[in-house]
Amino acid sequence: MDHRFQVNLRGIIDLLSNHLYSRPEVFVRELLQNAVDAITARRALDPGCPGEIHLTVVTRGGGPPMLEARDDGVGLTEAELHSLLATIGQSSKRDDQGRRTGDFLGQFGIGLLSCFVVSDEIVVVTRSARGGSPAVEWRAKVDGTYSVRSLDADVAPGTQVYLTCRPGREDYFTAEAVADAASRYGALLPHPIRVTGGKASRVVNRDGAPWRVEHADETERARALLRFGAETFDERFLDAIPLRSRAGSVDGVAFVLAHPANLNARRGHRVYLRNMLLSEAADDLLPDWAFFARAVVNADDLRPTASREGFYEDDSLRAARAELGDCLRDALVDMARRHGDRFRRFLEIHHLAIKALAAQDDECFRLFVDWLPFETTRGRLTARELCEAEPVIRYVDDVSTYHQLAKVATSQGITLVNAGYVYEPELLARLPEVRPDVATRRVEPEDVAREFDELDLAEQEGFHALLDAATEALRPFRCRPEARKFRPADMPALYQAGTDARFIRSLEQSRETADPLFQGVLESLATGRGPTPHTTLLLNASNPMIRRLATIRDRQALARAVEVLYVQGLMLAHQPLSSGELGLLSRGLAGLLDLLAERQEPPS
């Protein structure tokens, strides 16, 4: 024997208010949605239907406020009231397979239930425009009961919905709150929405989407769109780029931020579904590389989530995202080709986004790579300037290593590029594809050290005591001392760590602050890489202080001096200090002070 599910309406309302809808005022959107769909159906019968929506807030003495939502749409018969309003999940906008049909906004057949979030009773007075049916009143209560009765009154075709404020929801039943919600949700609806409260009455939505308005020329259009962007997001933008996608029937505009954007920040795009606001914080509409833009778009054929506050991640959305990315890409290509000054201004702010695009698109790489800026030991240079100045472009793919080597490379006359940021190593490695006369080379610290001068035999003998003391002092830190001559002479020591050594060092830094479980994970990562690599501290034999240290034979004094030089080298290389290294710095300075004090004591 088959049984039917029982529905607890109070449980459904709790689900809507606490889990499905993010804001209680979403009931205004659902009222607008039903009105728009009713007008759409009415115009299929009567193209001359005015298509108007009225929201009226009524205050009654000491009683709770009331909201009336009225439209001149198609209306409902008594049979439709029973089958549509009183059956959860039923909708007149779907076919037998449950798919949405026609140009309707509604999809899930539960929108009217959102009114129970703010009202304990919903009253609907309606008359069908199809003729032959009297006006009907449908009255539903939060306990799941409803009643239907025919009315003798002469009611015009259309629908009126009456909501009486539930205690505690008064903030949503003011004319200002209703107007704000109606303006936000229905800003792009093609039907006028009039909100009335007391003696004040006004239309709260604009005349359709501004990007569809015809303008005298492109300059006027750009100004109008930038004004719209400033009003929508409350900030000024650098540029406005039209968007269109056949997938999902999407159109709109992307606004280019006038300030650098965080790669990982939420985008906050404003998205409409068939001209009804769906979300003010969508972040999955544009490709990841387009983090320089905030968009306002309308989609006719993308599938909303159950809460109607976003889109399902399906093939249609992925195809639309790709097409919108193509719109942005083509606009940037056109800007680079035809409006060089504008593109340079864009690039000054959003070069990271262009690097991301160039890294994944071959045509954009060929077009944009010459413009891309890079940090170098000669200042900020574009790829074109680098190629014109250097037959071999040397780059470091780690920021801390760049800081280790920058001063030394400059003194050696070597131009070094800091490619320690996302996308940059692969872009530099591909430069020979468009510049066959240029080679690129990734540099490790030991590559620069090979250019340093070796000590002759006499100098090696003079540095023996210092190196012996330094070896003993640095052994606990897996660091080996070497003596070389290099520029600049005012740099006493240079800390060097290869790729594997930097990795092990980062694991050890993390292990100091990790919980016991994660410490074990980090330990396994370290032990699985074979012998622990050593770092190097290069003592500069061209530095006067180092030459002075080489003349000292007090091993304790030398050890303390080397410890301080080691920590200084770490700091110059922008390496974070472990707790042991911080202690080393304090101990080394204290030891030097003790030795100084001992030497200044008068003989007894």
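**Ground rules.** I number residues from 1 along each chain as its sequence is written. The model is predicted, with local features needing pLDDT of at least 70, side-chain atom pairs pLDDT 80 or more, and totals for chains, interfaces and linings using all residues, while side-chain values use heavy atoms, without hydrogens and water.

**Strand 1.** Five of its six residues are buried, so the rest of the structure largely encloses strand 1. Buried here means under 20% relative accessible area, with exposed over 50% and partly exposed in between (1.4 Å probe, protein chains only). I then looked up its neighbours, where pairing takes at least two DSSP bridges between two strands. Strand 1 runs parallel to strand 7 (residues 193–197), with five bridges, and L55 is partnered there by V195. With strand 2 (residues 66–71) the pairing is antiparallel over six bridges; T56 has E68 as its bridge partner.

**Aromatic pairs.** My search of the whole structure gave 15. Rings of Phe, Tyr and Trp (its six-membered ring) pair with centres within 6.5 Å; planes under 30 degrees apart are stacked, over 60 edge-to-face, the rest tilted. F27 and F173 are stacked, at 6.0 Å centre to centre and 15 degrees between the planes. F27 belongs to helix 2 and F173 to the loop between strand 6 and helix 4, 146 residues apart. F292 and F346 have centres 5.2 Å apart and planes at 90 degrees, so I logged them as edge-to-face. Both F292 and F346 are buried.

Key
Helices (H or I, at least four residues) and strands (E, at least two) are DSSP runs, numbered from the N terminus.
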